[in-house]
Amino acid sequence: MMLKKSLAGLMVALMLLGAAHATDLVVYHGWSSPAEVAALNVLKGGLTAKGDTWTDLAIPHDSGANVSLINLVTGGNPPNTFMESDPNMYRDLLKQGKAMDLTQWFTDNHVTENLYKPVVDAITVDGKIMKVPVALGIDGMVYYNMAVAKDAGVDPAAWKSIDDMFADFDKVKAKGYIPLAIGGQQWQIGYLTHSLALAKEGPDFFEAIYGTKPDKAVFDKPEMKDLLDTIRKFQQAADPASPNRDWNVTTNLVITGKALLQLHGDWMKGEFAAAGKVAGTDFGCINIPGTKGLSLSVDAWGLLDGVSDDQKKAELDFAAVNVDPQIQNAFAKAKGSTPLRTDAPLDGIDQCSLNVIAALKDPNITSFPTPHNTADADWLNTTWDVMFKFWSDPTMTDDAAIQQLKDGFDAVFG
């Protein structure tokens, strides 16, 4: 009995000692949807299991978060880890000694060798791994209502090209459905444009516009006019209620059987899941027909350097949790994303994510990080502005749009 009491006392003492040394991490992010919160809870559970604690510093989406992060760092109240994709942010923090170079840690822990190459590209800034990846998604995927497709007598899985897709739209209209659901907002048109630039026009064309070293000569290539003509086809196929419609409201048209399909980021999957719909039963998902390449969004965290040894250990605990293969599986199921480790277990992973993984392994499909990870932010905003003007004005010619892109290129790059 005395031994049991002594052991019990020792356990309590060890627990208290552990609690005394528990390190609290301030985690800066902008996630708030039910799926995002569920995914964050997976990470919190993993961090707690390592003896650390988590304090949220949540900033709503589209709230000028970059400025807020810089203000927190320069004001002396920085978070320990922060969700950020912009490579320039890491360059700025690195100059201040505040961004952590994780290259050696990733190598020592055998992480780099088990990531898909586009993920490694997305987390690398100027040759150094500066980010901890957590979520992988495709910027442009076709989600379609299987019941609508059956009723209209079309099979999206059989489409070999975008022309095949448009050729079936008359059948869909004849049955009273909207063929193509799209929200006419600037950012949605921006995502549609870069997804089509890669999928239809190919990797070289995509890199010349959205890569780290864009080339003005690309605007005089025939692929540029082909892209603009394709965008115009999409605009003309949009329903009258498209202008200014939010993406999730647009997704609901597909979910409720009012529209056949939506081409958008695979965050749409969360909307289908929330409505109780099952991939492969209620809805299908395919890459853009005839795709030559995929633009991948990689949500990733930065870690603050210049901290105490305890904080650094806790931050690396956080990194380890995010890239753990088992946690990647649980996180992906909660978020609706795709596991970004090649060795992550795939039990319970939905058909859409399995399609993504198959495409990542296809030698005929080249994948790149989203332009948000590679392109100059001012230049990316310029392309969005021009393409949204082109979308919103059906009388605007290809030549006029190309000239505006050239002028914008000169304004940004000189």
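Predicted model: local features only at pLDDT ≥ 70, side-chain atom pairs only at ≥ 80, totals over all residues.

Visitor: Which strands pair here, and in what sense?

Guide: First, the terms. Strands (E, at least two residues) and helices (H or I, at least four) are DSSP runs, numbered from the N terminus. Two strands pair if DSSP finds at least two bridges between them. Here, strand β7 (residues 141-145) pairs with strand β9 (residues 259-264) in the antiparallel sense, over 4 bridges.

Visitor: What is the order of the strands in the open sheet?

Guide: The order is β8-β9-β7-β10, which makes 4 strands with mixed pairing. At the edges are β8 (178-181) and β10 (283-287), each of which pairs on one side only. On average, neighbouring strands are turned by 20° against each other, direction ignored. As a general idea, side chains in a regular strand alternate between the two faces of the sheet.

Visitor: Which helix packs on the sheet and touches β7, β8 and β9?

Guide: That is helix α13 (residues 247-255), and its direction makes about 145° with that of β9. Such angles run from 0 to 180 degrees between N-to-C directions, with axes fitted to C-alpha atoms, for helices over the stretch in contact. Touching is judged by contact, meaning heavy atoms within 4.5 Å. Then look at α17, which lies across β7 and β10 and runs at about 15° to β10.

Visitor: Why is strand β6 described as largely enclosed?

Guide: Accessibility tells us: buried means under 20% relative accessible area, exposed means over 50%, and partly exposed is in between (1.4 Å probe, protein chains only). In β6 (residues 132-138), 7 of the 7 residues are buried, so the rest of the structure largely encloses this strand. Strand β11 (residues 293-303) pairs with β6 in the antiparallel sense over 6 bridges. One place to look is P133, whose bridge partner in β11 is A300.

Visitor: Now a helix, please. How many residues does α19 have?

Guide: Helix α19 (residues 377-392) has 16 residues. To judge a helix's span, take 1.5 Å times one less than its number of residues. From first C-alpha to last, α19 reaches 22 Å, close to the 22 Å expected.

Visitor: What do the buried residues of α19 pack against?

Guide: The buried residues of α19 include W379, W384, F390 and W391. Their packing partners are α10 (186-199), α11 (203-210), α12 (222-237), α18 (371-374) and α20 (398-413).

Visitor: How many salt bridges are there?

Guide: Side chains of opposite charge can pair when their charged atoms come close. A salt bridge here is a side-chain nitrogen of Lys or Arg within 4 Å of a carboxyl oxygen of Asp or Glu. The count comes to 13 salt bridges.

One of them joins D226 and K200, at 2.7 Å from N to O. D226 lies in helix α12 and K200 in the loop between α10 and α11, so this pair ties together parts 26 residues apart in sequence. Another joins D350 and K269, whose closest N and O atoms are 3.1 Å apart. D350 lies in the loop between α16 (325-335) and α17 (351-360), and K269 is in helix α14 (residues 268-274), so parts 81 residues apart in sequence are tied together.

Visitor: Is K269 buried or exposed?

Guide: K269 counts as buried, at 5% relative accessibility, whereas D350 is partly exposed at 24%.

Visitor: Where is L227, and what is in contact with it?

Guide: L227 sits in helix α12 and is buried, at 1% relative accessibility. Leaving aside neighbours within four places in sequence, L227 is in contact with T193, L196, A197, E201 and F205.

Key. Residues numbered from 1 in each chain as written. Heavy atoms only, no water.
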